[in-house]
Amino acid sequence: MIRSMTGYGRAEGVYEGVTITIELRSVNNRYLDCSVKMPRTYIFAEDALKECVQSKVGRGKVDVFVNIAHTGGEALSVTVNEELAKAYIDALWRLYELGGGQKVKMNYYATDLARFPDVLLVEKQEEDMEAVKGQLLDVLSRAVDDFNTMREREGEKLAADILSRADTIEKLTCAVEARSPETVSEYRARLEAKMREVLQNTQIDEGRILTEAAIFADKVAVDEETVRLHSHLSQLREMLTRGGAVGRKLDFLSQEFNREANTIGSKCSDIEITRTVVDIKAEIEKIREQVQNIE
């Protein structure tokens with residue numbers, strides 16, 4: 001299956017009052033470049049998340065966005081700072097004694113003591129890091145699957161467009177092959193007419209004409225280039241059918257297409273073949289543009 005390098009995926013999971021939402025977005029890139037944006041509290045899971053993406057994505061600049069919301073409120077614990085509470089009680093007794101036990105009433109409640117600073121400590125309960133990492137990976141795995149599904153849909157469209165253009169190049173190459181022998185015949189006819197015009201009544205050397213025509217035919221022969229073009233087209237179709245991360249190979253192959261087309265254009269001075277080569281190169285350029293989007 002061919003995949004586009006651009007895509008979007010999303011998944012969500014709820015675990016004991018905690019909602020985890022993960023989104024992925026990607027654009028074209030020569031290599032795989034994955035970045036994870038998440039709360040610093042959970043940074044311990046960053047490497048594991050990157051490894052998960054790397055196992056399922058071959059190429060592209062992938063941004064992973066992690067959002068963690070405590071829907072049921074964060075798990076908190078309240079404890080008593082006993083040492084500090086005792087120190088407050090001792091201080092209150094001292095105040096009672098300083099008042100001679102008469103003027104100051106020693107009458108207080110726990111709620112009164114709780115108002116003193118730092119007597120009650122509110123702390124966030126520690127989370128099980130391995131459990132949280134597993135939850136994050138579970139959501140990310142589903143998000144990546146959604147992400148890849150979208151990229152595969154886009155990849156199908158890219159492959160269909162490339163194959164269509166490959167068929168056009170095939171037809172144009174066949175037109176070059178059909179036209180090439182005609183240029184030799186036309187050249188021989190022009191050469192013979194020119195010699196008759198120059199030599200007039202003198203006997204024309206048929207051997208010289210044949211030699212000149214043979215030299216011209218060898219000079220403009222494009223058989224090797226057209227054969228290689230057909231071979232490259234066959235290879236392109238095979239790659240698209242086989243699928244996988246073939247973007248770089250297709251990019252290289254499209255450069256080979258261009259090289260053969262340029263050689264044909266430089267060899268042939270025939271206006272009809274030149275126009276056909278321009279059409280071939282236009283299709284090749286469109287293929288190269290599409291290939292840049294393939295993983």
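Guide: In this predicted model, there are 2 aromatic pairs.

Visitor: Why is the pair of Y42 and F44 called tilted?

Guide: The ring centres of Y42 and F44 are 6.3 Å apart, and rings pair if their centres lie within 6.5 Å. Their planes meet at 45 degrees. Planes under 30 degrees apart would count as stacked and those over 60 as edge-to-face, so the Y42 and F44 pair is tilted.

Visitor: Are Y42 and F44 buried or partly exposed?

Guide: Y42 has a relative accessible area of 4%; the limit for buried is under 20%, so Y42 is buried. F44 has a relative accessible area of 27%, which lies between 20% and 50%, and F44 is therefore partly exposed.

Visitor: What makes the pair of Y88 and F116 stacked?

Guide: The planes of Y88 and F116 are 20 degrees apart, with 4.5 Å from centre to centre. Because planes under 30 degrees apart count as stacked, the term applies to this pair. The pair links distant parts of the chain, 28 residues apart: Y88 belongs to helix 2 (residues 82-98), and F116 to the loop between helix 3 (110-114) and strand 6 (120-124). F116 has a relative accessibility of 30%; since this value falls between 20% and 50%, F116 counts as partly exposed.

Visitor: Why is E170 called buried?

Guide: The relative accessible area of E170 is 19%, and buried means under 20%, so E170 is buried. E170 lies in helix 4 (residues 129-199). Leaving aside neighbours within four places in sequence, E170 is in contact with H230, L233 and R237.

Visitor: Which residues of helix 7 are buried?

Guide: Among them are G247, L250, L253, S254, F257, A261 and I264. An α-helix has 3.6 residues a turn, so residues three or four places apart point the same way.

Visitor: How many helices and strands does the protein chain contain, and what share of its residues is buried?

Guide: The protein chain has 8 helices and 6 strands. Of its 295 residues, 34% count as buried.

How values were computed:
Residues are numbered from 1 along each chain as its sequence is written. This is a predicted model: local features need pLDDT of at least 70, side-chain atom pairs count only at pLDDT 80 or more; totals for chains, interfaces and linings use all residues. Side-chain values use heavy atoms; hydrogens and water are left out. Helices (H or I, at least four residues) and strands (E, at least two) are DSSP runs, numbered from the N terminus. Buried means under 20% relative accessible area, exposed over 50%, partly exposed in between (1.4 Å probe, protein chains only). Contact means heavy atoms within 4.5 Å. Rings of Phe, Tyr and Trp (its six-membered ring) pair if their centres lie within 6.5 Å; planes under 30 degrees apart count as stacked, over 60 as edge-to-face and the rest as tilted.
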